[in-house]
Amino acid sequence: MLINAGGGQYKDSRSRTWSADTNFSGGKTASKQISISGTSDNALYNNYRYASNGSPLDYSIPVKEAGTYTVKLHFVEPYFRSSNSRVFNIDVEGKRLATSYDIYKEAGFGKAVVKTYTATISDGKLGIRLSSVKNNAIISAIEIIKQ
């Protein structure tokens with residue numbers, strides 16, 4: 001399953017089709033046309049969903065069957081040009097997998113980042129929560145792969 005967070009349906013450079021943003025609660029969408037390094041799919045990263053007003057950004061994504069999944073979260077820092085400007089926590093299936101994550105600190109401005117996690121899903125839905133620590137949590141895309 002491929003989701004273009006904050007954007008519409010998108011066909012990437014590998015001919016994979018990403019669905020329009022769906023199964024979210026909270027947040028707002030935005031886009032910024034910048035050159036994204038580390039990917040040949042700028043459009044996937046130029047649209048995003050971000051948390052607002054201190055509220056978390058949640059996804060509850062239905063999966064076809066219970067089991068273990070690889071979850072790839074795609075990020076880019078499209079605004080800030082220094083560390084500690086946008087900081088947020090990442091929870092997948094109720095487990096904190098990243099505390100005070102800072103995209104800029106890891107990759108800098110305008111560079112695609114993919115964080116890969118493993119999740120065991122038993123209730124038919126993958127839960128993802130991004131909670132802001134400083135400024136607004138942000139996400140560009142979500143990949144879910146059954147193991």
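Figure 1. With a relative accessibility of 41%, Tyr-79 counts as partly exposed. Keep in mind that this is a predicted model. The structure holds five aromatic pairs. In the one shown here, the ring centres of Tyr-48 and Tyr-79 are 6.4 Å apart and the planes stand at 90 degrees, so the pair is edge-to-face. Tyr-48 belongs to strand β6 (residues 47–50), while Tyr-79 sits in the loop between β8 (67–75) and β9 (87–92), so this contact ties together parts that are 31 residues apart in sequence. Tyr-48 has 1% relative accessibility and therefore counts as buried, the cut-off being under 20%.

**Figure 2. Phe-88 meets Tyr-101.** Here the ring centres of Phe-88 and Tyr-101 are 5.6 Å apart, and the planes lie at 85 degrees, so this pair is edge-to-face. The pair links distant parts of the chain, with Phe-88 in strand β9 and Tyr-101 in strand β10 (residues 95–101), 13 residues apart. Phe-88 counts as buried at 0% relative accessibility, and Tyr-101 counts as buried at 7%.

**Figure 3. Arg-49 over Phe-24.** In this close-up, look for Arg-49 over the face of Phe-24. The distance from Arg-49 to the ring centre of Phe-24 is 3.4 Å.

**Figure 4. Arg-81 over Phe-109.** This view shows Arg-81 lying over the face of Phe-109. Arg-81 is placed at 3.7 Å from the ring centre of Phe-109.

Definitions and conventions
Residues numbered from 1 in each chain as written. Predicted model: local features only at pLDDT ≥ 70, side-chain atom pairs only at ≥ 80, totals over all residues. Heavy atoms only, no water. Phe/Tyr/Trp six-rings, centres within 6.5 Å; stacked < 30°, edge-to-face > 60°. Helix = DSSP H or I, 4+ residues; strand = E, 2+ residues; numbered from the N terminus. Buried < 20%, exposed > 50% of the residue type's maximum accessible area, 1.4 Å probe, protein only. Lys NZ or Arg CZ within 6 Å of the ring centre and 35° of its normal.
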